[in-house]
Amino acid sequence: FSPAGDNVTTPLISAVANAATYSQGAVSPGEVVAIFGSSLGPTTPAGLQLDASGSVTPTLADTQVLFDGVASPMFFASAGQINAIVPFGVASDSTQVQVQYQGQASASFPLAVAPAVPGIFSADASGTGQATALNQDGSPNSPQNPAAPGSVITLWATGAGPLSPAGVDGAVVSADSLPIPVLPVAAQVGSQSVGVQYAGGAPGFVQGVMQINLQIPLAGPTGDAVPLVLRVGDNTSQPGITLAIQAP
């Protein structure tokens, strides 16, 4: 008799990146991360699951991600990539991440921890180019469907750091309980600062995904690819993210 785990190759972590930007480096509490490597999880990919309380589960297809021994909520598990959320309790200057699959544990992978590592989700999931954003009428923002000057757009990001009230690992945000980042959030479209009408939890999404509502300037830059930057505390989002804004 041979235990099933004997046939499982030890998981190997090769990189940990912000799931919006794919940039590697420090992580922040509540950040959605992409973990790359080999033998990390099942050969047939598995997607997000909710437990009986409606929270995102910390185990997916016999796979877990541990930050300093604390299991993190998981979005996606496969042999080559895992998407998970850094626990909000990660508070020191560094953390050790491990992947466990079918009882086999990877070596610890050290990561620096920063107060915020903001990243804006892009429309094609490449980490650059057109932002995943909705115009004020709810239609997707794109060069073919630009936002009107003065209108409000909605976009999504991660890596905003600690929340108030304190973030709860795996909790799904409800419209009557919206956590907001502890650090201040600002935005810039082109070279112009813009009004942030809301920055906080996205209803229906797990805590760690941030919704931002911005007002496009009446007399600001226009075009198919106007640069967009978020600032959370002292940290800025990745370069190369854009919005489409129509000429007045």
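Modeller: Asn145 is found in the loop between β13 (133–134) and β14 (152–158). This is a predicted model, in which local features need pLDDT of at least 70 and side-chain atom pairs count only at pLDDT 80 or more, while totals for chains, interfaces and linings use all residues. Residues are numbered from 1 along each chain as its sequence is written, and side-chain values use heavy atoms, with hydrogens and water left out.

Biologist: What makes β13 and β14 strands?

Modeller: Helices (H or I, at least four residues) and strands (E, at least two) are DSSP runs, numbered from the N terminus. The runs 133–134 and 152–158 are therefore named as strands, and Asn145 belongs to the loop between them.

Biologist: Why is Asn145 called partly exposed?

Modeller: Buried means under 20% relative accessible area and exposed over 50%, with partly exposed in between (1.4 Å probe, protein chains only). Asn145 has 26% relative accessibility, so it counts as partly exposed.

Biologist: Which residues is Asn145 in contact with, leaving aside its neighbours within four places in sequence?

Modeller: They are Asn135, Ser139 and Pro140; contact means heavy atoms within 4.5 Å.

Biologist: Why is Asn213 called buried?

Modeller: The relative accessible area of Asn213 is 16%, which is under 20%, so Asn213 is buried. This residue is found in strand β19. Beyond four places in sequence, Asn213 touches Val152, Ile153, Thr154, Gly195, Val196, Gln197 and Tyr198.

Biologist: What makes the link between the side chains of Asn213 and Thr154 a polar contact?

Modeller: A polar contact is a pair of N or O atoms within 3.5 Å; within protein, one must be able to donate a hydrogen and the other to accept it, and residues adjacent in sequence count only if both atoms are side-chain atoms. The Asn213 and Thr154 side chains are joined at 3.1 Å, so the distance meets the limit.

Biologist: How do you know that β18 and β19 pair?

Modeller: Two strands pair if DSSP finds at least two bridges between them. Six bridges join β18 to β19 (residues 209–215), so the antiparallel strands pair. Val196 stands opposite Leu214 in β19. Strand β18 (residues 192–201) also pairs with β17 (residues 185–189), in the antiparallel sense over three bridges. There, Gln188 has Ser193 as its bridge partner. β17 and β18 form a hairpin with two residues between them, and Gly190 in the turn has a positive phi of about 65°.

Biologist: What makes β1 and β3 edge strands?

Modeller: The open sheet has five strands in the order β1-β2-β7-β6-β3, with antiparallel pairing. β1 (12–18) and β3 (46–47) each pair on one side only. Within the sheet, five bridges join β2 (residues 32–38) to β7 (residues 81–85), and Ala34 stands opposite Asn83.

Biologist: Why is the lining of the largest pocket described as having no charged residues?

Modeller: Ala, Val, Leu, Ile, Met, Phe, Trp, Tyr, Cys and Pro count as nonpolar, Asp, Glu, Lys and Arg as charged, and the others, Gly among them, as polar. By these classes, the pocket lining has 11 nonpolar, six polar and no charged residues.
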